[in-house]
Amino acid sequence: MEEKRLQQARATFATLCRALESNDWHYTKDEEKLKIECGARGDDLPMELTILVDAERQIVRLLSHIPFQIKEEKRLEVAVAVSAINNKLVDGCFDYDIQSGDIYFRATNSFMDSSLSEEVLTYMLYFSCNVIDEFNDKLLMLAKGMLTIEQFYASLTNE
């Protein structure tokens, strides 16, 4: 890999660590893999976050696995719900594997030929947590049959 890309990725990783520290986040880091793991507690379900600085693609990628799996009989409804949510989002998206029933939230920022500020990385972190917290319980309720797809969709249009 080109040395310049690796240097830029390391600088971005250092900025990410400073952003987390200045916001009093507790995290573990793997400097070799340029990887951060941390978590947050929202109004309901816990959120586990993995943040990777990808030197090759020159991006910061935040991933959060939604902590439940969708049963087979609910997977099509959840696919419709995930599509409706993604249509409303300004940043980030939910990735849904209809085969396994796994849902992830993903957000990215590029630092190609540029640098990301602590403020941009802080925004990415807090925005992601807000989106995850807003929808993880609704997706769980839909998956458990406590909410119909019509009720779910109506809750999106009322926001």
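Reader: Is Glu31 buried or exposed?

Author: Buried means under 20% relative accessible area, exposed over 50%, and partly exposed in between (1.4 Å probe, protein chains only). Glu31 has a relative accessible area of 51%, so it is exposed. Keep in mind that this is a predicted model, where local features need pLDDT of at least 70, side-chain atom pairs count only at pLDDT 80 or more, and totals for chains, interfaces and linings use all residues. Residues are numbered from 1 along each chain as its sequence is written, and side-chain values use heavy atoms, with hydrogens and water left out.

Reader: With which residue does Glu31 form a salt bridge?

Author: A salt bridge is a side-chain nitrogen of Lys or Arg within 4 Å of a carboxyl oxygen of Asp or Glu. Glu31 pairs with Lys29, and their closest N and O atoms are 3.4 Å apart. Lys29 is partly exposed, at 43% relative accessibility.

Reader: How many salt bridges are there by this rule?

Author: There are six. Among them is the pair of Glu37 and Lys35, at 3.2 Å from N to O. Glu37 is partly exposed at 37% relative accessibility, and Lys35 is partly exposed at 25%.

Reader: Which parts does the salt bridge of Arg18 and Glu118 tie together?

Author: The closest N and O atoms of Arg18 and Glu118 are 3.4 Å apart. Helices (H or I) are DSSP runs of at least four residues, numbered from the N terminus. Arg18 lies in helix H1 (residues 3-22) and Glu118 in helix H3 (residues 118-143), so the pair ties together parts that are 100 residues apart in sequence. Arg18 is partly exposed at 41% relative accessible area, and Glu118 is partly exposed at 25%.

Terms used:
Helices (H or I, at least four residues) and strands (E, at least two) are DSSP runs, numbered from the N terminus.
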